[in-house]
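Reader: Hi! Could you walk me through this one?
Author: Happy to, here it is.

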Amino acid sequence: MRYKRLILLLLISVSVNAQYFSGEIEYDIKIIPKRQNLDLDSLWSLKHGKKVKYLITSNFYKSTYFNNNQRTYSYTYDNISKRMYDDYVNKPYITYRDSRRANFNYKKSKIFRDSVVNIMGKDCFIVKYESNYGKSTTFYSDEVKVDYESFKDHQVGNWYNKLREVDGCISIKTITEFEDYFEIQEAIKITPLELNQGNFAVGTDKIIVASYSALDKRVELVQPTKESIECYRKKLEIGKSKKVTDESLICYLSFVINKNGELSFPEPFEESNSELNKVAVDIIKNCGFKFNPGEIENRVVSSLVYFPIEF
């Protein structure tokens with residue numbers, strides 16, 4: 001009798017786990033302009049790509065973006081560390097965020113279970129969302145769902161709460177409304193796969209550093225020496241001579257400060273003002289500025305920094 005009960009419990013466990021999706025969902029991304037003169041090329045240049053491949057299983061997921069079949073960017077969630085790793089192909093480092101720190105204020109949502117739309121042969125119900133990010137409409141199928149409890153504490157994107165609200169269903173299609181356009185992300189292929197932690201391993205060919213938002217204590221500029229200040233002033237005058245306007249201009253730089261306070265990978269955050277950007281990079285590389293590294297939970301860490309230089 002005891003063995004029969006054990007077999008029954010095992011069968012129930014297998015049945016419960018079998019209902020959860022594990023695999024890859026491939027999405028296409030489209031932009032629908034609200035006005036005819038919208039510069040779509042410039043808009044697309046701000047996006048990661050026109051296609052997303054999304055791997056998900058309990059405790060893990062990974063979104064990889066492609067443009068013209070070339071990988072551009074990916075972010076990976078690991079429920080063990082509670083981190084989200086951002087990996088840009090053109091960056092020599094990977095940054096991580098703390099998934100427990102919310103990044104948007106979600107105002108409300110409304111579920112329309114009776115509004116059913118068929119997408120890819122699956123009946124999908126509708127949920128409408130409002131947040132500081134904007135308005136969106138998402139279509140979910142009860143056939144594609146994960147164990148939402150395995151994503152507990154994931155507050156970025158309101159992810160855990162959104163999953164729990166729809167019983168773990170994964171988006172089949174999402175329409176997001178912006179001021180000048182609609183962005184549509186729609187599944188075009190759904191492939192069940194057996195996945196494990198190894199499928200979500202973060203690459204080892206780059207250094208891994210904390211993002212600005214992950215820090216408990218920010219990176220601090222050490223009081224500059226007289227020599228650093230004089231160097232800064234001289235190069236600042238060179239930059240001002242290259243300006244085509246009398247208005248103040250700010251160049252933002254990004255760079256990594258490691259645990260020892262050493263600076264590496266300085267580059268402009270934006271491509272505009274190329275001549276001023278060159279001077280700004282010259283200042284941060286050659287004027288001898290020193291920094292105290294950032295901290296997480298009273299532990300010194302390497303991190304990404306954004307630094308303004310005003311001309």
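Predicted model: local features only at pLDDT ≥ 70, side-chain atom pairs only at ≥ 80, totals over all residues.

Reader: Thanks! What is the mean pLDDT of the chain?
Author: The mean is 91, and 94% of the residues reach 70 or more. pLDDT is the predictor's confidence in each residue, from 0 to 100.

Reader: And where does pLDDT stay under 50?
Author: Over residues 1-17, where the model has 0 contacts beyond four places in sequence. Contact means heavy atoms within 4.5 Å.

Reader: Now the inside. Which residues touch the most other members of the largest nonpolar core?
Author: Those are Ile25, Ile56, Tyr61, Phe151, Trp159 and Ile170, in a core of 33 residues. Strand β1, residues 23-33, gives the largest share of this core, with 4 residues. A nonpolar core is a set of buried Ala, Val, Leu, Ile, Met, Phe, Trp, Tyr and Cys residues joined through side-chain atoms within 4.5 Å. Strands (E, at least two residues) and helices (H or I, at least four) are DSSP runs, numbered from the N terminus.

Reader: What does tyrosine 61 touch?
Author: Beyond four places in sequence, its contacts include Tyr54, Tyr75, Met84, Phe151, His154, Trp159 and Phe200. Apart from this core lies another, of 28 residues, among them Ile94, Cys231, Cys251 and Ile296.

Reader: Switching to charges: how many salt bridges does the structure hold?
Author: There are 21, a salt bridge being a side-chain nitrogen of Lys or Arg within 4 Å of a carboxyl oxygen of Asp or Glu. In one of them, aspartate 142 pairs with arginine 113, with the closest N and O atoms 2.8 Å apart. That pair links distant parts of the chain, 29 residues apart: aspartate 142 is in strand β9 (residues 134-145) and arginine 113 in strand β7 (residues 106-119).

Reader: Which partner does lysine 145 have?
Author: Lysine 145 forms a salt bridge with aspartate 167, at 2.7 Å between the closest N and O atoms. Lysine 145 is in strand β9, while aspartate 167 is in the loop between α3 (159-165) and β10 (169-177).

Reader: Is lysine 145 buried or exposed, and why?
Author: Lysine 145 counts as buried because its relative accessibility is 9%. Aspartate 167, at 38%, is partly exposed.

Reader: What about lysine 242, which side chain does it meet?
Author: Glutamate 275, in a salt bridge of 4.0 Å, N to O. Glutamate 275 sits in helix α5 (residues 274-286), and lysine 242 in the loop between α4 (226-241) and β14. Lysine 242 counts as partly exposed because its relative accessibility is 39%, and glutamate 275 is partly exposed too, at 37%.

Reader: Nice. Which residues are linked in a network of salt bridges?
Author: Asp98, Arg100, Arg101 and Asp216 are linked that way.

Reader: Last one: where is lysine 122, and is it buried or exposed?
Author: Lysine 122 is in strand β8, residues 122-131, and is buried, with a relative accessible area of 17%. Beyond four places in sequence, lysine 122 is in contact with Val117, Ser141, Glu143, Val144 and Ile190.

Methods. Residues numbered from 1 in each chain as written. Heavy atoms only, no water. Buried < 20%, exposed > 50% of the residue type's maximum accessible area, 1.4 Å probe, protein only.
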